[in-house]
Amino acid sequence: MKVVEAYTDGACRGNPGPGGWGVLLRWNGHERELFGGEADTTNNRMELMAAIQALEALRRRCRVVVTTDSQYLRKGISEWLPAWKARGWRTAARKPVKNADLWKRLDAVTSRHDVEWRWVRGHSGHIENELADALANRGIEEMLEQS
């Protein structure tokens, strides 16, 4: 099975505000960069969107190692998601899960692959994370230029 490395990041100018997501995909000596932006969003939504876009870009089942600097993303997908689903997309406090639309989308696309989630400290010199951050900021810039 093909192994793909995915480095993802989200960025936001203001929270909420203009936001962007960035992805570096790497497999078998190849690289692909993806990015995009939204006019009014949050950093957490952009972190989720980066992971979603990374996994949706893969056309067939792969083993994917997703590296993120977002504890929200890593803990959400690894720890909190099963309980949210069991409670009908409610938190332990019985409140609706924030960003449930994107969590559901991420859950669906994750099920199509064998995914391992890794966390790195943001802005610590991790080369691929810095590149994903630059792509997320490029997503903001290009979205702002078009509006």
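Start with helix α1 (residues 43–56): it lies across β1, β2 (17–27), β3, β4 and β5, and runs at about 155° to β1. Keep in mind that this is a predicted model. Those 5 strands make up an open sheet with mixed pairing, and two further helices, α2 (residues 71–86) and α3 (residues 100–110), pack against each other. Here's a quick tour, topic by topic.

**The sheet**

- The edges are β3 (30–41) and β5 (114–119), each of which pairs on one side only.
- From one strand to the next, the twist averages 20°.
- Strands β2 and β3 run antiparallel and are joined by 10 bridges. One spot to look at is Gly 20, whose bridge partner in β3 is Gly 37.
- β2 and β3 also form a hairpin, with 2 residues between them. In that turn, Asn 28 has a positive phi of about 45°.
- For the parallel sense, look at β1 (residues 3–12) and β4 (residues 63–68), which pair that way over 6 bridges. Here Glu 5 stands opposite Val 65 in β4.

**Where α2 meets α3**

- In general, a pair of packed helices is described by the angle between their axes and the distance between the axes.
- For α2 and α3, the angle is about 95° and the axes are 11 Å apart. Since angles of 65 to 115 degrees count as roughly perpendicular, that makes α2 roughly perpendicular to α3.
- On the α2 side, the residues that meet α3 are Tyr 72, Leu 73, Gly 76, Ile 77, Leu 81, Trp 84 and Lys 85.
- On the α3 side, they are Trp 103, Leu 106, Asp 107 and Thr 110.
- Sort this contact by class and you get 7 nonpolar, 2 polar and 2 charged residues.

**A closer look at Arg 74**

- Arg 74 is part of helix α2.
- Set aside its neighbours within four places in sequence, and Arg 74 is in contact with Thr 68, Glu 79, Trp 117, Arg 118 and Trp 119.
- Arg 74 and Glu 47 are 27 residues apart along the chain, and their C-alpha atoms are separated by 9.9 Å.

**The largest pocket**

- Rolling a probe the size of a water molecule over the atoms shows where empty space is left.
- The largest pocket has a volume of about 200 Å³.
- Its lining is made up of Lys 2, Leu 25, Trp 27, Arg 32, Ala 57, Leu 58, Arg 59, Arg 60 and Cys 62.
- Of the residues lining the largest pocket, 5 are nonpolar and 4 are charged, with no polar ones.

**Backbone details in the loops**

- Check the bond between Asn 15 and Pro 16: it's a cis peptide bond, with omega at about 15°. You'll find Pro 16 in the loop between β1 and β2.
- Arg 94 isn't a glycine, yet it has a positive phi of about 70°. Look for Arg 94 in the loop between α2 and α3.

Definitions and conventions. Residues numbered from 1 in each chain as written. Predicted model: local features only at pLDDT ≥ 70, side-chain atom pairs only at ≥ 80, totals over all residues. Heavy atoms only, no water. Axes fitted to C-alpha atoms, helices over the stretch in contact; angles between N-to-C directions. Helix = DSSP H or I, 4+ residues; strand = E, 2+ residues; numbered from the N terminus. Parallel < 35°, antiparallel > 145°, perpendicular 65-115°, else oblique. Contact = heavy atoms within 4.5 Å. Nonpolar A, V, L, I, M, F, W, Y, C, P; charged D, E, K, R; others polar. Pairing = 2+ DSSP bridges. 1 Å grid on protein atoms, 1.4 Å probe; cavity = no way out; pocket = protein on both sides within 12 Å on 5 of 7 lines; lining within 4 Å. Points joined across faces, edges and corners; volume = space filled by probe spheres on them.
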